[in-house]
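Let's take a friendly walk through this structure, with the cut-offs spelled out along the way. Please have your viewer ready.

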2 protein chains.
Amino acid sequence: MALGLSFSGGKDSALAALLADPFFDVTLVTATFGVTDAAENARVAAERLGFPHETIEIDRAVAEAAVERMVDDGYPRNGIQRAHEATLEAVAEAGFDAVGDGTRRDDRAPTVSQSLAQSLEDRHGVQYVAPLAGYGRATIDALAGDLLRIETGASERLAKGDYEHELRAVLADEYGEDAIDDIFPEHVQSVVRGRRE
Amino acid sequence: MALGLSFSGGKDSALAALLADPFFDVTLVTATFGVTDAAENARVAAERLGFPHETIEIDRAVAEAAVERMVDDGYPRNGIQRAHEATLEAVAEAGFDAVGDGTRRDDRAPTVSQSLAQSLEDRHGVQYVAPLAGYGRATIDALAGDLLRIETGASERLAKGDYEHELRAVLADEYGEDAIDDIFPEHVQSVVRGRRE
């Protein structure tokens, strides 16, 4: 079964790919709003993991709407959710049998509810899969430690490949650099450097 | 990581075992209330799948309470949920690093909510994993068709290994044979015969 898995270059989506790998024909897919070249970082991470990689373009207007929502809310969760849903929709239209992502059991954003999963499946004629949905943080950290070489660091420093990097750029572009600190709390990101041997 | 996976001999728990197998040290664990020898069927299925198997005893009073709840309700869902939670508690106390089951994204009973999962983890110092939680019915049927040899048939005919078989026996014992038809709708079960080569 051909699985197009939304891939950020980070720990969770990389681990989702490894867990799916024995059972699906996995292609890693990174969405870009055309704002930065962040997707190039994801392509490099995908190559180091040994998976085929595709970049999929989403209209910049989606990023602008997501950022506007973040600014209105004063926090990023709902805007990130919008960007993630747009990504899943785009992957679902790309011709794979299944579309997936790295959402975890304990995730707060983005999340894919059962009704969103069913809606994606019904509207696009695909199957939605979330290989990490049955695993909590401790299990995922243990598996990732066993299977992946990971670099961690502050979000703004680390060259990750996902749409969050582009959302930050749109935010800075439209609301000024200070808006990033207002909306995104300082937190540690992870970037995958490869598999452990 | 040593994973004790609650195993019925049916399709879902067998597929959960296969999905976990590359990443965990899997032992299949079947609960018995000591009412029938159904767990022996699960042991045979586990052997054919090539996994180590353990049987774990749960007090018959748990089965009686579950059956009483079914009779009060007029449907089996809450009673099955009780029996399943008792099984997970017992596996969680058996010394594995992680306890798991074959619950699916679309399951109505049994289900393991995020709060139940967290509670199991906190109280027993284990990790709870549900390898199928991120997969819907269509995906699970496709994977099972690829990976497993399965026999399907009516519940009362097929010699499955899980606690439902014993709950039916307790129900018949305490409320008469007719109670089974009143409580359990006719439905098709699956029993695993082995892996596909």
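First, some ground rules. This is a predicted model, in which local features need pLDDT of at least 70 and side-chain atom pairs count only at pLDDT 80 or more, while totals for chains, interfaces and linings use all residues. Residues are numbered from 1 along each chain as its sequence is written, and chains are lettered from A and ligands numbered from 1 in the order in which they are written.

Let's begin with chain A, which has eight helices and seven strands. Here helices (H or I, at least four residues) and strands (E, at least two) are DSSP runs, numbered from the N terminus. The radius of gyration of chain A is 16 Å, close to the 16 Å from the globule rule for 197 residues, so chain A is as compact as a globular protein of that length. That radius is taken over C-alpha atoms, and the rule is 2.2 Å times the number of residues to the power 0.38. Along the principal axes, the C-alpha atoms of chain A fill a box of roughly 45 × 40 × 30 Å.

How much of chain A is buried? The share is 47% of the 197 residues. A residue counts as buried if 20 or more other C-beta atoms lie within 10 Å of its own, as exposed if 12 or fewer do, and as partly exposed in between, with C-beta atoms placed from the backbone. Contacts use C-beta atoms placed from the backbone too, and two residues are in contact if these lie within 7 Å. Of the contacts in chain A with a separation of 6 or more, 75% are between residues 24 or more positions apart.

Leaving out residues up to four places away in sequence, A:A17 touches A:L5, A:F7, A:V26, A:L28, A:L49 and A:F51.

Helix 4 of chain A has 16 residues and reaches 22 Å from its first C-alpha to its last, close to the expected 22 Å. The expected span is 1.5 Å times one less than the number of residues. Among the buried residues of helix 4 are A:R82, A:H84 and A:L88.

Now for the loops. A:G74 sits between helix 3 (60-73) and helix 4 (77-92) of chain A, and A:G74 is exposed, with 8 other C-beta atoms within 10 Å. The C-alpha atoms of A:G74 and A:F24 are separated by 39 Å, at 50 residues apart along the chain. In contrast to that exposed glycine, A:D101 has 28 C-beta neighbours inside 10 Å and counts as buried. A:D101 lies in the loop between strand 4 and helix 5 of chain A, and its contacts beyond four places in sequence include A:S13, A:A16 and A:L88. A:P110 is found in the loop between strand 4 (98-100) and helix 5 (114-124) of chain A, and a cis peptide bond, with omega about -5°, joins A:A109 and A:P110.

At the interface, 23 residues of chain B are in contact with 23 residues of chain A. Helix 5 (114-124), strand 5 (127-129) and helix 6 (137-147) of chain B are the elements that give two or more residues to this side of chain B. Helix 6 gives the most, with four residues. This side divides into 16 nonpolar, five polar and two charged residues, where Ala, Val, Leu, Ile, Met, Phe, Trp, Tyr, Cys and Pro count as nonpolar, Asp, Glu, Lys and Arg as charged, and the others, Gly among them, as polar.
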